[in-house]
Amino acid sequence: MRDLLRDSWLIARKDLAIEFRTRSAFLSAIVFALLGIVIFYFAWDPTAVTTVDLAPGVLWVVFTFSGLLGLHRSFGVEQPDRAIDGLLAAPIARESIYLGKALANLIFVIGVQAVAIPAVALFYNLPVGPVLLPLSAIALLAAIGLVSVGTLFSAMAVNTRLAELLLPMLSLPFFVPIVIPAAQATAKLMSGRPAGDALPWLKLLLAFDIVFAVACMLAYPFTIEE
Amino acid sequence: MAHARVRPLLLMQSPSTGAVATDSLGRQFGSRWAVEGVSLSIEPGGLLALFGPNGAGKTTLLRMLAGLLKPSAGTARIGDEQLPGGSAVRRRVGIISHHTLLYDALTARENVEFAARLYGVREPRAAAGRALEMMGMSDRADTPVRALSRGMRQRVSIARATVHEPVVVLADEPFTGLDVSGSRALSGLLMNLRSTGAALMLVTHSIDEGLSLATHAAIMHRGRMIRSDRRADIDASTFGAEYASMVAMSA
């Protein structure tokens with residue numbers, strides 16, 4: 001177990017170092033998220049839909065699609081010089097490759113959330129300060145679910161000719177059970193309800209996280225066998 | 001689909017002995033056998049130079065021995081462990097591929113150090129420094145790999161593959177892209193590994209280079225080992241012509 005975590009962290013740290021050097025996926029995701037928020041803002045008719053009804057949906061649409069940019073890159077960095085062979089030939093558990101990639105993706109998505117949540121609060125004039133802690137918990141739980149599924153499908157899609165199309169097509173149906181409770185819990189918090197009202201959605205989110213994380217980690221070794 | 005088990009014309013040793021040993025090893029892709037009935041053995045300190053035309057199955061054989069491909073038939077062993085083995089067997093193998101297995105955005109040192117950490121090498125930074133020095137890359141160690149020439153990348157790739165001091169080295173056309181000094185450094189490294197008891201398999205198209213390092217030489221064609229001899233039994237001056245005619249005859 002200790003080796004699994006050590007190797008996972010090693011791989012995550014390497015992926016983050018590459019992203020830090022190139023900044024290509026993170027910048028793309030941030031720009032995409034901000035553009036999405038701005039477009040939703042200008043398309044919004046405040047007389048028809050209230051802020052509280054709209055903002056949670058905007059937030060989770062933006063997270064989902066901007067997160068896909070990072071997920072696509074996750075196994076993409078292993079392709080140019082078949083660096084993935086170096087990982088597969090190394091004396092590490094296959095699961096640690098998945099966990100390392102998922103951890104790097106999680107940090108990536110949290111980074112996007114750290115920019116997007118204040119941006120949504122600013123554009124839609126939402127008082128997120130009082131609910132920041134439970135909102136952060138929702139964001140973290142949802143991010144775990146999204147990267148659990150997305151990392152697996154990134155591994156599956158990367159060797160295909162239509163990887164950029166295949167990744168969202170495979171991932172989005174599995175994102176639904178994550179995004180619905182996350183958006184519902186966010187809506188409860190933003191409408192000023194007590195944090196306890198969001199608890200059932202949080203529990204559901206946690207359950208899906210556990211199921212997806214375990215299932216995807218166990219499934220990963222099968223995606224890399226030739 | 002049944003497949004014929006073809007033994008090499010000459011076995012170097014009994015296939016049950018050696019640091020690397022295969023017995024009727026085969027790999028099928030769809031209905032086609034990329035490797036078929038390969039039995040060989042490489043002793044510690046031995047170097048098998050493997051020749052063959054493109055598509056002969058050399059790389060597939062190497063990928064099976066590296067644990068990157070599961071065999072469809074037969075068995076393969078590294079030491080006492082049957083392939084595809086766990087982490088203990090993978091720790092003993094170093095792979096030099098015609099892909100560099102490097103990350104462009106990281107420096108040469110970071111790439112080699114990352115490999116050293118994956119293999120659980122003690123003092124990985126120092127080990128990476130030594131491996132790069134061995135390949136004459138110390139002065140470019142902190143240069144991102146994307147800024148290096150093809151030959152320099154290959155040197156870094158070799159340092160990456162040998163940083164954990166493997167006891168089995170599988171080298172797939174490792175001289176590709178190397179200049180004279182790079183080739184010399186690689187030859188020295190391979191001889192050094194041999195002297196420490198490592199078993200090596202060298203896939204190459206250069207007969208001179210292969211024979212100059214080898215203790216055994218073999219020829220693969222269409223997935224089968226069509227010849228296998230001790231180096232001492234091979235006349236280097238005629239081997240090239242024999243190789244060409246053998247491949248032409250079995251085509």
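Two strands count as paired when DSSP finds at least two bridges between them. Keep that in mind for one case. In chain B, Ala21(B) has Arg77(B), in strand S4(B), as its bridge partner. One caution before that: what you see is a predicted model.

Let's take the chains in turn, starting with chain A. Chain A holds eight helices and zero strands. Read from the N terminus, its elements go α-α-α-α-α-α-α-α. Along the principal axes, the C-alpha atoms of chain A fill a box of roughly 60 × 30 × 30 Å.

Now one helix pair in chain A. Helix H7(A) covers residues 163–190, and helix H8(A) covers residues 199–223. They pack at an angle of about 155°, with axes 9 Å apart. How do they run relative to each other, parallel or antiparallel? Angles over 145 degrees count as roughly antiparallel, and H7(A) and H8(A) are therefore roughly antiparallel. Their crossing is left-handed.

Who makes that contact? From H7(A) come Pro177(A), Ile178(A), Pro181(A), Ala182(A), Gln184(A) and Ala185(A). From H8(A) come Trp201(A), Leu202(A), Leu204(A), Leu205(A) and Phe208(A). By class, that is 10 nonpolar residues, one polar and no charged.

On to chain B. Here the secondary structure comes to eight helices and 10 strands. The radius of gyration is 18 Å, close to the 18 Å from the globule rule for 251 residues, so chain B is as compact as a globular protein of that length. Its C-alpha atoms fill a box of roughly 50 × 40 × 35 Å along the principal axes.

Back to the strands. Chain B has an open sheet of four strands, in the order S2-S1-S4-S5, with antiparallel pairing. Which strands stand at the edges? They are S2(B) and S5(B), the latter being residues 81–82. Each has a single partner strand, so one side of each is left without a neighbour in the sheet.

Helix H1(B), residues 58–65, packs on this sheet. H1(B) touches S1, S2 and S4 of chain B, and its direction makes about 60° with that of S2(B).

Next, the pairings themselves. Strand S1(B), residues 20–29, runs antiparallel to strand S2(B), residues 32–42, and seven bridges join them. Val20(B) stands opposite Ile42(B) there. The hairpin of these strands has two residues between them, and Gly30(B) takes a positive phi near 65°.

S1(B) also pairs with S4(B), residues 73–78, in the antiparallel sense, over five bridges.

Last topic: where the two chains meet. How many residues does each chain give to the contact? Chain B gives 25 and chain A gives 21. On chain B, helix H2(B) at 87–90, strand S6(B) at 93–96 and helix H3(B) at 108–118 each supply at least two residues of the side touching chain A. H3(B) has the largest share, four residues. By class, this side of chain B has 15 nonpolar, five polar and five charged residues.

To recap: chain A has eight helices and zero strands, while chain B has eight helices and 10 strands. That's my tour.

Notes
Residues are numbered from 1 along each chain as its sequence is written. Chains are lettered from A and ligands numbered from 1 in the order in which they are written. This is a predicted model: local features need pLDDT of at least 70, side-chain atom pairs count only at pLDDT 80 or more; totals for chains, interfaces and linings use all residues. Axes are lines fitted to C-alpha atoms, for helices over the stretch in contact, and angles run from 0 to 180 degrees between N-to-C directions. Angles under 35 degrees count as roughly parallel, over 145 as roughly antiparallel, 65 to 115 as roughly perpendicular and the rest as oblique. A crossing is left-handed if the near helix is turned anticlockwise from the far one by less than a right angle, and right-handed if clockwise. Two residues are in contact if their C-beta atoms, placed from the backbone, lie within 7 Å. Ala, Val, Leu, Ile, Met, Phe, Trp, Tyr, Cys and Pro count as nonpolar, Asp, Glu, Lys and Arg as charged, and the others, Gly among them, as polar. The radius of gyration is taken over C-alpha atoms; the globule rule is 2.2 Å times the number of residues to the power 0.38.
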